[in-house]
Amino acid sequence: MAAAKKVPASSLFVSEPNPRWFGNRENEAGNARWTNANWLKSRFHFSFAEYSDRRRDSFGCLRVLNDDLVQPMRGFGKHPHRNMEIVTYVVEGALTHKDSTGTEETLRRGAIQFMTAGTGVYHSEHNMSADSPLRFIQMWIEPRRLGLPPNYGSYESSREERANRWAHLVGSVGDNGAQGVPVAVHQDVNLYVCELEGEGEELPAYPLKWGRQAYLLCMEGEVEVQSRDGDGKDGDAVALARHDACQLFGEREVALALTPSGGNAHVLMLEMRKR
């Protein structure tokens with residue numbers, strides 16, 4: 001298996017569902033504040049809803065990764081979840097969340113949110129802005145065990161935490177190495193986010209260990225992913241633009257660098273045990 005495998009944006013399934021399926025009004029044709037004709041544009045990295053592909057059912061414990069763009073005053077009405085760790089990262093705009101545990105809050109760029117669905121929970125997600133779109137990355141992670149009590153939490157990371165460094169935002173419950181990580185889920189998985197800023201900026205190498213794998217998503221800008229094996233030999237560099245992803249397999253050192261024409265870049269990486 002190749003040490004790095006690109007997942008180009010052009011290969012992703014794009015879903016634009018009927019607004020009535022989620023309790024929304026009809027689309028607003030000609031609304032200058034909308035950046036897409038349909039209320040939702042969702043890019044599916046793995047099989048989900050109307051999309052089914054046995055070659056892309058999951059990646060390790062990562063069952064779902066959806067890149068969602070929601071237009072102003074639209075969203076997902078109340079719906080149920082069970083037995084899944086659901087992690088959401090806000091790329092732009094403001095996400096308003098309500099759930100059956102009594103939680104209600106609005107999260108903005110750089111915020112991470114988690115929900116242990118466990119024995120069952122209802123929630124809704126909306127873009128309550130009248131002027132701006134909302135974009136977020138939602139990930140479903142298979143838990144270590146079923147039937148967990150529902151739980152919810154969030155953390156708003158600062159730009160300084162993410163600037164030119166790996167910001168460790170999600171770790172594993174019970175993992176001593178994840179102490180101090182703001183969000184913990186019931187699975188052996190780590191989530192990192194970084195924003196590369198400045199011409200020629202390069203991120204310090206991340207040590208992807210033997211028996212581990214990672215899924216890296218370029219959310220904004222352009223980056224070059226360079227991986228080196230344990231003997232220091234470089235693999236082929238993988239260039240990623242907005243919406244591209246890359247699968248990585250250890251033992252490697254993973255380095256990121258801005259491409260010459262890319263400007264700033266915003267990247268998310270999920271690291272986990274290899275299955």
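A pocket here is an open set of points on a 1 Å grid over the protein atoms alone, with protein on both sides within 12 Å along at least five of seven lines, and its lining residues have an atom within 4 Å of a point. This is a predicted model, so local features need pLDDT of at least 70 and side-chain atom pairs count only at pLDDT 80 or more, while totals for chains, interfaces and linings use all residues. Numbering starts from 1 along each chain as its sequence is written, and side-chain values use heavy atoms, with hydrogens and water left out.

**Figure 1. The largest pocket and its lining.** This pocket has a volume of about 310 Å³, where a volume is the space filled by probe spheres set on grid points that are joined across faces, edges and corners. Its lining comprises 20 residues, with Phe 22, Leu 40, Phe 48, Asn 66 and Phe 76 nearest the centre. Strand 3 (40-44), strand 4 (62-70), strand 5 (74-81) and strand 11 (134-141) each give two or more residues to that lining; strands (E, at least two residues) and helices (H or I, at least four) are DSSP runs numbered from the N terminus. Strand 5 has the largest share, 4 residues. By class, the lining splits into 11 nonpolar, 6 polar and 3 charged residues. For that tally, Ala, Val, Leu, Ile, Met, Phe, Trp, Tyr, Cys and Pro are nonpolar, Asp, Glu, Lys and Arg are charged, and the others, Gly among them, are polar.

**Figure 2. The second largest pocket.** About 210 Å³ of space sits in this one. Strand 1 (residues 4-7) gives the largest share of the lining, 3 residues. Among the other lining residues are His 45, Phe 46, Arg 55, Arg 56, Tyr 215 and Gln 247. The class count is 5 nonpolar, 3 polar and 4 charged.

**Figure 3. The cavity lined by Cys 61, Gln 187, Asp 188, Arg 273 and Arg 275.** A cavity is a set of grid points where a 1.4 Å probe fits but cannot get out. Searching the whole structure turns up 1 cavity of 30 Å³ or more, and the largest cavity has a volume of about 40 Å³. Its lining has 1 nonpolar, 1 polar and 3 charged residues.

**Figure 4. Val 87 in the largest nonpolar core.** A nonpolar core is a set of buried Ala, Val, Leu, Ile, Met, Phe, Trp, Tyr and Cys residues joined through side-chain atoms within 4.5 Å. Buried means under 20% relative accessible area, exposed means over 50%, and partly exposed is in between (1.4 Å probe, protein chains only). The largest core has 31 residues, and Leu 62, Leu 65, Val 87, Tyr 89, Met 139, Leu 191 and Leu 270 touch the most other members. Setting aside neighbours within four places in sequence, Val 87 is in contact (heavy atoms within 4.5 Å) with residues including Ile 112, Phe 114, Ile 137, Met 139, Val 185 and Leu 191. There is also a second, separate core of 22 residues, with Tyr 192, Cys 218, Val 238 and Met 269 among them.

**Figure 5. Strand 18 and its antiparallel partners.** Two strands pair if DSSP finds at least two bridges between them. Strand 18 (residues 223-229) runs antiparallel to strand 19 (residues 238-240), joined by 3 bridges; Val 223 has Leu 240 as its bridge partner there. Strand 18 is also antiparallel to strand 21 (residues 252-258), this time with 7 bridges, and Val 225 partners with Leu 256.

Figure 6. Most residues other than glycine have a negative phi. Met 73 counts as partly exposed because its relative accessibility is 36%.

Figure 7. At 18% relative accessibility, Ala 94 counts as buried. Ala 94 and Pro 133 are 39 residues apart along the chain, with 8.3 Å between their C-alpha atoms.
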